[in-house]
Amino acid sequence: MKNSNGHRQNLRERFLKAGFDCFAEHEILELLLTLCIPRKDVKTQAKELLQRFGSLSEVLDADIEKLQEIKGIGKTTAIALHIIRNAAALYLQKSAENTRVKFDTTSKLENFWQIRIGHLNHEVFEVAYLDKQLRLLRNGIERIEEGIIDRANVFPRKIIEHSIRKGACGIVLAHNHPSGSERPSVSDERITKSIVYICNSLCIRVLDHIIVARNSVFSFRRANLL
């Protein structure tokens with residue numbers, strides 16, 4: 001117990017001094033687990049989680065039921081890891097809104113939506129509304145559809161109406177493929193072309209359409225499809 005407590009304290013002191021800069025991936029996960037599992041050495045669980053899922057991000061994205069297959073990881077801990085992950089995603093969005101970060105590069109968009117929707121087990125279709133400097137408007141992300149999405153139900157008219165109402169000068173489209181490839185379907189390409197065509201006529205710029213799979217991201221702009 002004494003050694004366990006001393007190790008935990010050492011991890012926390014290192015974090016306070018330099019953040020995660022000098023941490024190995026298993027040490028970051030270990031520190032997170034100390035918040036969920038009191039008074040117990042969690043190094044073994046941290047290493048087993050990484051061995052099973054491959055990386056810290058994949059651990060945080062893993063299903064609650066699969067996390068519990070690791071000895072010593074109960075339901076409360078698995079839920080806590082999901083809370084940490086979703087809190088990080090929410091922080092990312094609110095930070096982008098409050099600090100007026102520019103969504104002006106493909107890499108920023110890919111990273112943002114990988115963190116935001118890459119872990120989801122169901123499909124969602126989202127739109128980000130931007131000002132003329134390509135900064136995210138306050139409350140500027142809207143989930144247009146959720147569940148098993150029929151592309152025909154992602155109405156361009158709905159997206160255009162909301163863009164005009166919010167005073168957006170640009171938009172970013174994003175959706176995920178939870179159990180498939182990140183490559184766009186014929187339907188994905190068709191709906192994108194339709195939205196781009198209407199937006200162009202209204203001087204609203206479609207910056208990109210991002211498709212997120214479990215471990216990969218596709219950008220229409222990077223692929224020269226916009």
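Visitor: With which residue does Asp131 form a salt bridge, and how far apart are the closest N and O atoms?

Guide: The partner of Asp131 is Arg135, and the closest N and O atoms of the pair are 3.0 Å apart. A salt bridge here is a side-chain nitrogen of Lys or Arg within 4 Å of a carboxyl oxygen of Asp or Glu. This is a predicted model, in which local features need pLDDT of at least 70 and side-chain atom pairs count only at pLDDT 80 or more, while totals for chains, interfaces and linings use all residues. Residues are numbered from 1 along each chain as its sequence is written, and side-chain values use heavy atoms, with hydrogens and water left out.

Asp131 is buried, at a relative accessible area of 11%, whereas Arg135 is partly exposed at 24%. Buried means under 20% relative accessible area, exposed over 50%, and partly exposed in between (1.4 Å probe, protein chains only). Salt bridges with shared partners also join Arg116, Glu126, Arg143 and Glu146 into one network.

By this rule, the count is 11 salt bridges. Among them, Glu69 and Arg52 meet through their side chains at 2.6 Å, N to O. Glu69 lies in the loop between α5 (64–67) and α6 (75–98) and Arg52 in helix α3 (residues 43–53), so this pair ties together parts that are 17 residues apart in sequence. Helices (H or I, at least four residues) and strands (E, at least two) are DSSP runs, numbered from the N terminus. Arg52 is partly exposed, with a relative accessible area of 40%.
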